[in-house]
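Colleague: I have a model open and want to learn how to read its contacts. Please walk me through it.

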Number of protein chains: 2
Amino acid sequence: MTKRFQVVGIGNAMVDVLSHCEDAFLAANGVEKGIMQLIDMTRAVDLYARVGPSKEISGGSAANTIAGIAHLGGRTAYVGKVKDDQLGAIFAHDLRAQGAVYETTLADKASAAETGRCIVLVTPDGERSMNTYLGWSEHLGPDDIDTEMMAETEWIFLEGYRFDGPDSHAAFAKAIAATRGAGGRVSVTLSDPFCIDRHRDAFARMLREDVDLLFANRAEIKAMYKTEDFDAAIAAAAAEVELVVCTDSENGAYIIKGGDRWHVPAVPTRVVDATGAGDLFAGAFLWGLTNGHELQTCGRMACLAASEVISHIGARPEAELRTLFARHGLL
Amino acid sequence: MTKRFQVVGIGNAMVDVLSHCEDAFLAANGVEKGIMQLIDMTRAVDLYARVGPSKEISGGSAANTIAGIAHLGGRTAYVGKVKDDQLGAIFAHDLRAQGAVYETTLADKASAAETGRCIVLVTPDGERSMNTYLGWSEHLGPDDIDTEMMAETEWIFLEGYRFDGPDSHAAFAKAIAATRGAGGRVSVTLSDPFCIDRHRDAFARMLREDVDLLFANRAEIKAMYKTEDFDAAIAAAAAEVELVVCTDSENGAYIIKGGDRWHVPAVPTRVVDATGAGDLFAGAFLWGLTNGHELQTCGRMACLAASEVISHIGARPEAELRTLFARHGLL
C-alpha cells in the first residue's frame, strides 16, 4: 500500500536573513567562517544591527530538504516550531506554497521566544557563516510528534542540528519508534561537525541502532568518527549504517551500501551562495530513492540539485529541478 | 553652507514579498498586470495564501530611491511609517544598514494595521504586478514631518503613491513649506497612472506651484496631462516644471530644462525583475545632480542604475553603482 508521505522531515524552523559581507567583517565581529554558530537573542539583535541590507528567505536545513522534495512533486511533510508572528507566517507559507504538508503547534504571541532566524553572512567566495538564533524552534519536544503522521511515511529525515535541544532527543526517539513500528525507515543528516562534538554519544547510539540512511559531508563524518582519515570514517559509518551518502564539495559524493561504493562527480557551477547545498542534495536523493531510482541516479540528481541551489541566493530551488534532471537524462 | 542632507524622501514604507508566477495566475486571481493596485488586509492574506514561495526584501518606491542614494554615498534620509513588528524592523534595518538616516514614529503593537507590504508578482517577462497593503504607512500625516529635517536638506523627494492618503497631502504641504523656506528644492515622482487619475487635481496644483523637478514615465506623464501624445505631455510638463525627467523603458529617458532637451539611451540588460527601475533611476539622478554633475551625466547614471536593479530580484542595488559609473567614464 502506498503511504501518504514519501518523506517527513523534522528540524529547526528558520527564516534566513541573508547578507553579503567581506571576510574582514567576520573577523571584526567574532563570526567563525563556514560553520553554524548558535547565538542568543541579544547577540542576534546586536549582529543584525551591524550587517548590511538583507533578504529574508525561508530556510532551516531539513525544511530546505523537504521544500526540495515538494518542489520535485514528492509527497512530503515537515515538523518544526515557529511562533505566531510575521516570520513564522512567512516560514509556514513558503513550505505550504511549495506543496509540503506543514502542521505545527505555534507558540502563542505571549511567548518571549520568537520564530527562529539564521543570519547567513555570505562572503565573496560564496561560503556562508551561519549565526542561528533558535528561538521557538528550540522547544521541539515529544508533544510535537504526531505518531500517526510518522506511521504514514516511508522515510523520516532527522536534522542533526536538533540534537542541540534536549527535548528533541526524546522527540526523535518517539518519531523513530512510530515510523519503524509502521515499517518506515530512518534517515539523518549530521548537519555540522561542532554539533556532533556537542552530542557525539547521542549521534553514535542513533547511528548504531536506528539509522538506515546517513547523510554527511567530509568534515562531519570525520568529526563523527574522530579521525582525520576520510576513507576510514566512511568505512566506520558503513559498518553500522546500511546506506551512507557522503558529500565532498567539488569532489562530488560517495555512496556506500554493503560492499558497494559509487562515486558521483559534482556538477560544476559558479558558487553564489553555498547555503542549502547539502539540504537540497539530501532532498533530491530521497526523492529519487522513494521513486525507485538506482542509487547512482539518486546521487546524480542530488549533485544537480545542489549545484542549482548554490548558483543563486537562498537555500531553496528556483529552477525546475525535474527539467534539469530530464535534460541530464535522469528522468 | 553644506546642508546635512542632499535628499530627504517621503513615501510608503513597504516590505516587498517577491514571488514568481505565470501570466495565467494573474488572470485567475484578478491581479492587473504591470500596475500597482491597493489591497486591504483580507485580500493581502488571501492572495498571499495563493502565491508561491517568496522572498522578503525591503521596498517602497521612495525608500528604494533613498537606499540608492545612500548606496552611492549620498547624505540622505527617509520619512515613512512602519509598525513595531518584525517587518517594520526589517524595513528600518535595511535603510539604516545602507547608510540612510531613518527616524520614524512607530505604530505601537496595539495598532491593528501592520507594517505595509507589497506582494510583487513577477511574470516570466520580468514585469511586476504589485499588490499593496498600505498598513500603517497609510497614516503618514503632518505630525510625521520634522520641519528641522526638511530645512536641512537640499532636495525633498515626494512619492506620488502617497497621494492616496488624505493626511499625506497636508504632510507634503508641510514638508514643501519647510524645505523651500530654507532654500531647498522639491522633486516628485508621479509613481503610477492610476494614482494620478485618483488625485489629478492635487498633483496638478503641486506641479504648478511647488515642484522644481518632476520624475515620470511615459504612461504617467500621458495620464497626468490627459493626452495620448507623449511629446505633448512632456511639453505641458516642461511648461510648468523647471526640470522634467521622463523615462521610457527600453527607449531610455528624456531630460527637459527650459528650451533644452536631451535623450539618454537605456542600458540594455536582461530583465529579471523590473521592480525598482524607476526608483533607482531617480536615486542615481538626484545623487548626480546634488554632486554637481551635468544633467546628461545624471541621466546616464540613472539609466545605468536602473539597468543594474532590473537585472536581479529586488528593488535595491546589489552591484557597486559607483564602480559601474566609473567603468562607464562617468566618475
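Modeller: Helix α3(B) passes α11(B) in a right-handed crossing. A crossing is right-handed if the near helix is turned clockwise from the far one by less than a right angle, and left-handed if anticlockwise. Helices are DSSP runs of H or I, at least four residues, and strands are runs of E, at least two, numbered from the N terminus. This is a predicted model: local features need pLDDT of at least 70, side-chain atom pairs pLDDT 80 or more, while totals for chains, interfaces and linings use all residues. Residues are numbered from 1 along each chain, and chains are lettered from A in the order written.

Colleague: At what angle do the axes of α3 and α11 of chain B cross?

Modeller: Two packed helices are described by the angle and the distance between their axes. Here the axes of α3 (61-71) and α11 (277-290) of chain B come within 8 Å and cross at roughly 40°. Therefore α3(B) is oblique to α11(B).

Colleague: Which residues make the contact of α3(B) with α11(B)?

Modeller: Contact means C-beta atoms, placed from the backbone, within 7 Å. Among them are B:Ile66 and B:Ile69 of α3(B), and B:Leu286 and B:Trp287 of α11(B).

Colleague: How many residues does each chain give to the contact between chain B and chain A?

Modeller: Chain B gives 19 residues and chain A gives 19 residues. On the side of chain B, α4(B) gives the most, with 6 residues.

Colleague: In what sense do β4 of chain A and β4(B) pair?

Modeller: Strands pair if DSSP finds at least two bridges between them. These two pair in the antiparallel sense over 3 bridges. A:Lys55 has B:Ile57 as its bridge partner in β4(B).

Note on methods:
Axes fitted to C-alpha atoms, helices over the stretch in contact; angles between N-to-C directions. Parallel < 35°, antiparallel > 145°, perpendicular 65-115°, else oblique. Contact = placed C-beta atoms within 7 Å.
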